[in-house]
Amino acid sequence: MRRLLLASSSPYRRELLSRLRLPFDCCAPHIDETAHPDEAPEQLVRRLSREKAQALSDSHPDHLIIGSDQVAVLGGRIIGKPYTFERAKEQLLSCSGKRLDFLTGLTLLDSRNGTEQVDCLRFSVHFRELDEGQIERYLRTEQPFDCAGSFKAEGLGISLFRTTEGEDATSLIGLPLIRLVDMLNHAGIEVP
């Protein structure tokens, strides 16, 4: 069986990929993730997922390389990881009662022949009306400071949502497994 390589150092993506019960390796790609001027969020995540996979193709010439990138978009503006309590609080206050869209770019690169499958998936979260007390309690409990949108959907962050919409809930965490299985099957990897 062809070896899979996850082009990421994200523990969240690693955990998701392990759900497929396929052997895989991980390697962090080192690329510039800066958006190009006037680059739309969908174009950005598609480009970065491709660049992450391509960055590892020379050092892994016989692998199927999985690249993924995600942005959170609120009102047409990309919001990043908060890193601090105060910034996370600001993000969640600005999301209160609103829809936050997550765009996840996904690439499967066959480094043996250079063929690529590239896609972008959208998943939306509709937040409850949140007050400062709820937000502060949540942030103190889960400390999601390394997560775009300032929550962990796989944890207590789910309590902040009124509803969600999208084809693949795993895309919210950063690796759309339903679409990835399609890509892997197309590349000759049978799952399950």
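Predicted model: local features only at pLDDT ≥ 70, side-chain atom pairs only at ≥ 80, totals over all residues.

Reader: How much space lies in the largest pocket?

Author: Rolling a probe the size of a water molecule over the atoms shows where empty space is left. A pocket is an open set of points on a 1 Å grid over the protein atoms alone, where a 1.4 Å probe fits, with protein on both sides within 12 Å along at least five of seven lines; lining residues have an atom within 4 Å of a point. Here the largest pocket holds about 750 Å³, the volume being the space filled by probe spheres set on the points. Of its 34 lining residues, Arg13, Asp69, Gln70, Lys81 and Asp146 are the closest to the centre.

Reader: Which element supplies the largest share of that lining, and how many residues fall in each class?

Author: Helices (H or I, at least four residues) and strands (E, at least two) are DSSP runs, numbered from the N terminus. Strand 3 gives the largest share, with 4 residues. Among the elements that each supply at least two residues are helix 1, helix 2 (41–55) and helix 5 (170–173). By class, the lining has 19 nonpolar residues (Ala, Val, Leu, Ile, Met, Phe, Trp, Tyr, Cys and Pro), 8 charged (Asp, Glu, Lys and Arg) and 7 polar (the others, Gly among them).

Reader: How many disulfides does the structure have?

Author: A disulfide is a pair of cysteine sulfur atoms within 2.5 Å. A search of the whole structure finds 0. For Cys26, the nearest cysteine sulfur is that of Cys27, 8.7 Å away; for Cys95 it is that of Cys147, at 13 Å.

Reader: Is Cys95 buried or exposed?

Author: Buried means under 20% relative accessible area, exposed over 50%, and partly exposed in between (1.4 Å probe, protein chains only). Cys95 is buried, at 0%, whereas Cys26 is partly exposed, at 32%.

Reader: How many aromatic pairs are there, and why is the pair of Phe127 and Phe151 edge-to-face?

Author: Rings of Phe, Tyr and Trp (its six-membered ring) pair if their centres lie within 6.5 Å; planes over 60 degrees apart count as edge-to-face, under 30 as stacked and the rest as tilted. The structure holds 5 such pairs. The rings of Phe127 and Phe151 have centres 5.7 Å apart and planes at 75 degrees, so this pair is edge-to-face. Phe127 lies in strand 6 and Phe151 in the loop between helix 4 and strand 7, so the pair ties together parts 24 residues apart in sequence. The pair of Phe151 and Phe161 is also edge-to-face, because its planes stand at 85 degrees, with centres 5.0 Å apart. Phe102, Phe127, Phe151 and Phe161 form one aromatic cluster.

Reader: Where are Ser10 and Ile189 placed?

Author: Ser10 is in the loop between strand 1 and helix 1, and counts as buried at 15% relative accessibility. Ile189 is in the segment after helix 6, and is buried at 4%. The C-alpha atoms of Ile189 and Arg3 are 9.9 Å apart, although 186 residues separate them along the chain.

Key. Residues numbered from 1 in each chain as written. Heavy atoms only, no water.
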